Structure formats: C-alpha cells, structure tokens
Amino acid sequence: MPKRETNTAEYKKARAELLAHNPPCHWCGKAAATELDHLVEQAIGGSIADGYVAACKSCNSQRGQAFQAKRAAATKQRREQAVLLHEKEK
C-alpha cells in the first residue's frame with residue numbers, strides 16, 4: 001500500500017488553502033468541509049497531484065468505506081475465480 005501523504009508539507013498546504021474560506025462539502029453541499037478528500041484514492045496510488053476536493057468528515061468516511069468494500073468484493077471475486085479454475089484443472 002502506498003505511503004499516506006497526509007503529513008507532508010504539500011498536503012498540509014493544499015488542505016489549508018482548500019479549507020481557508022470554510023467551503024461546504026463538495027459531495028453533499030450541506031455540511032461544512034473539514035477534510036481534504038483525494039479524488040483518486042491513495043490506496044491505488046492517488047496523490048495531491050491527481051486532484052482533491054473539500055469534504056465533510058461524513059462524506060469522506062462514506063467514500064472511503066465504499067472504496068474499501070468495492071476493493072474487498074473484487075478481491076473475493078478473484079479468489080473465487082481462482083478456486084474454480086483450480087478445480088477445473090483437477
């Protein structure tokens with residue numbers, strides 16, 4: 001898994017600039033944004049350079065959970081296909 005970049009000077013600067021004027025959440029448009037949300041998940045190599053938006057904690061967490069669930073489902077499907085392929089080869 002790629003190293004998290006939330007502790008870098010680039011991340012801190014981008015977050016400060018993004019949240020400086022108390023923007024609303026990009027996703028729900030209702031709650032106050034308190035976080036920088038990567039448009040391309042860090043787990044698949046996304047970085048500040050790939051883009052980011054202001055997000056509330058709730059929306060950012062929901063997006064993260066949805067990504068992890070989708071990733072887990074894809075892993076499970078690959079494993080099941082590998083088992084079926086192995087069984088056919090017997």
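**Ground rules.** I am working on a predicted model, in which local features need pLDDT of at least 70 and side-chain atom pairs count only at pLDDT 80 or more, while totals for chains, interfaces and linings use all residues. Residues are numbered from 1 along each chain as its sequence is written, and side-chain values use heavy atoms, with hydrogens and water left out.

**Salt bridges.** I looked up how many salt bridges the structure holds, and the count is three; the term requires a side-chain nitrogen of Lys or Arg within 4 Å of a carboxyl oxygen of Asp or Glu.

I noted Lys13 and Glu17, whose side chains meet at 4.0 Å, N to O; because they are four residues apart in helix 1, about one helical turn separates them. For accessibility I take buried as under 20% relative accessible area, exposed as over 50%, and partly exposed as in between (1.4 Å probe, protein chains only). Lys13 is exposed at 54%, and Glu17 is partly exposed at 48%.

I then turned to Glu35 and Lys57, which form a salt bridge at 3.5 Å, N to O. This pair links distant parts of the chain, with Glu35 in strand 1 and Lys57 in helix 2 (residues 57-89), 22 residues apart. Glu35 is buried at 18%, whereas Lys57 is exposed at 53%.

Asp37 and Arg63 form another salt bridge, with their closest N and O atoms 2.7 Å apart. Here too distant parts of the chain are linked, Asp37 lying in strand 1 and Arg63 in helix 2, 26 residues apart. Asp37 is buried at 5% relative accessibility, and Arg63 is partly exposed at 25%.

**Surface patch.** I found that Trp27, Leu39, Val40 and Ile44 make a nonpolar surface patch of about 330 Å². Patch members have over 30% relative accessible area and no salt bridge; like charges are joined within 9 Å and nonpolar side chains (Val, Leu, Ile, Met, Phe, Trp, Tyr) within 5 Å. The areas come from the Shrake-Rupley method with a 1.4 Å probe, and for residues only the protein chains shown count as cover.

**Loop residues.** Asn22, in the loop between helix 1 (9-19) and strand 1, has a positive phi of about 50 degrees although it is not a glycine. Gly46, in the loop between strand 1 (35-38) and strand 2 (52-55), is buried at 9% relative accessibility.

Terms used
Helix = DSSP H or I, 4+ residues; strand = E, 2+ residues; numbered from the N terminus.
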